[in-house]
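Welcome, and please take a look at the sequence and the model below.

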Amino acid sequence: MSHIVAIINQKGGTGKTTTTLNLGAALAYQGYRTLIVDLDPQGHTSIGIGIEPDVIAGSMADIFLIPKKRISEVAIPTYILGLDIVPAHIHLAQAAEQVYTRVFREAILANALKDVDYDFVLIDCPPSLGVLTTNCLYACDFIIIPCQISRYSLDGLADLLTTVETVKNVSMEDIFQEDMFRILLTMFDKRNSITNEYILGQLKPYREKTFTTIIMKNEALNQAQIAQKAIFDYEPRCPGSVDYSKLCLEFLEIWRKRNSLPAKRPSLRGCL
Amino acid sequence: MAKKKQFAGKKTKLARLPLTQALTSQAEGGATLSPPRPSLSLLAPEPRTWDEVNAGRGGPLAAAFLFLVRELADLKLALQSFPGPDAAGHRIYLPDRVPPPAGIMQALHQARQSLQDLQSRLSHS
Ligand SMILES: Nc1ncnc2c1ncn2[C@@H]1O[C@H](COP(=O)(O)OP(=O)(O)O)[C@@H](O)[C@H]1O
Ligand SMILES: [Mg+2]
């Protein structure tokens, strides 16, 4: 069974796409078979990894338009070994609209993902809490919430927790206790000390649900999107590359704990 | 007026959330959150672990890979006192999950290179 991770915050520009792409690449480089599902009709993740939405045969829109269409039929490989993607096309927005008439519409993605054979599936969500995001929440078993240091990112977090409660039909306290989400601070700029202090203060009750890894503001991450590459291939030694590698390791640690997997085998690890 | 003072009394949506309030009061020594319902396990464990590979359930390629890594580890232990350049550059990394076939093939290729390096070191001594 794949571990399905949603990357959500309905506020735009909080680093969802950057996180999906670079965490996905990091997991693949660690040897995990990883699938990125681009659920944003803008297709930024697809473009960011070098896929041109206008020339692809299938996309996420097919999943919502064609009953029983499987994810494996529309997933394509990226330039990174072990990293596949289901691209998004602008048609996805319209497809999602049409879905409103279907019964049990929030389960379409979960059903399509049922038989996929990956270690991790990362779903990049659009900046809204519509039917696409609901599908994502229904399908996922872990949520990463990228938050920029701004007041409205906090609102996004609050709205999201409320939505998760409804879609998953569990109380917010259970969502907290069951270790179902992590907040990821992104685009952190040390110089903005007053805002930082305020936002971190607001997030204090959620400290144990916040990744200790913080993604610093780093222009190379912006440039890598233009180059259509993961940060590790664009500028391997830049701060953004280091931050996303750290995030990957911390994410894997949480995943291990969630699954009660035994600790790594120290006798074999790094022994050669 | 000091900038920060102007934030006083401005409540965010997050601060008004019942969960936030419960967490805050818990931190201040108030009532703790109730434990989660035991049935709510949303993450099922994955099958393909190294132990399963060890038991022969990961297919022949994974088994060969694990065998080779162990043999090389033993070899390295035996050669620890061997003089010459540090072999740290030829690390073989055993990921904690079984990699896909392509990843295993890549690692086997790496192992072959390590053995070739070892051969040349031995022939130069
Ligand atoms: N850590 C960072 N440092 C600098 N720029 C970043 C960083 N993370 C993201 N960006 C840039 O900020 C913009 C918004 O990020 P993006 O990941 O697309 O957000 P979202 O998907 O949430 O809308 C993009 O132009 C991206 O390149
Ligand atoms: Mg985006």
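This is a predicted model: local features need pLDDT of at least 70, side-chain atom pairs count only at pLDDT 80 or more; totals for chains, interfaces and linings use all residues.

Residues are numbered from 1 along each chain as its sequence is written, chains are lettered from A and ligands numbered from 1 in the order in which they are written, and side-chain values use heavy atoms, with hydrogens and water left out.

**Confidence**

The model scores ipTM 0.76 and pTM 0.75. For single residues, the predictor's confidence is given as pLDDT, from 0 to 100. The table shows it by chain.

| Chain | Mean pLDDT | Residues at 70 or more |
|---|---|---|
| A | 89 | 93% |
| B | 68 | 58% |

In chain B, the pLDDT is below 50 over residues 38–47, a stretch that has 24 contacts (heavy atoms within 4.5 Å) beyond near neighbours in sequence. Residues 85–93 of chain B are also below 50, with 17 such contacts. Helices here are DSSP runs of H or I with at least four residues, strands are E runs of at least two, and both are numbered from the N terminus. Among the elements of chain B, helix α1 (residues 13–16) has the highest confidence, at 91, and helix α5 (residues 101–124) the lowest, at a mean of 72.

**The sheet**

Chain A holds an open sheet of seven strands with mixed pairing, in the order β3-β4-β2-β5-β1-β6-β7. Because β3 and β7 of chain A stand at the edges with a single partner strand each, one side of each has no neighbour in the sheet. Strands count as paired if DSSP finds at least two bridges between them. Strand β2 (residues 34–38) of chain A runs parallel to β4(A), joined by four bridges, and A:Val37 has A:Val86 as its bridge partner. On the other hand, β3 (residues 76–77) of chain A pairs with β4(A) in the antiparallel sense over two bridges, with A:Ile76 opposite A:Ile85.

**One helix**

Which residues of helix α9 (residues 193–203) of chain A are buried? They are A:Asn196, A:Ile199, A:Gln202 and A:Leu203. These residues lie on the same side of α9(A), because they cover an arc (of the directions from the helix axis to the C-beta atoms) of only 135 degrees. Their cover includes α7 and β7 (181–186) of chain A, together with α1 of chain B.

**The cores**

A nonpolar core is a set of buried Ala, Val, Leu, Ile, Met, Phe, Trp, Tyr and Cys residues joined through side-chain atoms within 4.5 Å. The largest has 61 residues, and A:Met60 and A:Ile71 are among those that touch the most other members. Helix α7 (residues 151–168) of chain A gives the most to this core, with seven residues. Apart from it lies another core, of 37 residues, including A:Leu21 and A:Cys248.

Notes:
Buried means under 20% relative accessible area, exposed over 50%, partly exposed in between (1.4 Å probe, protein chains only).
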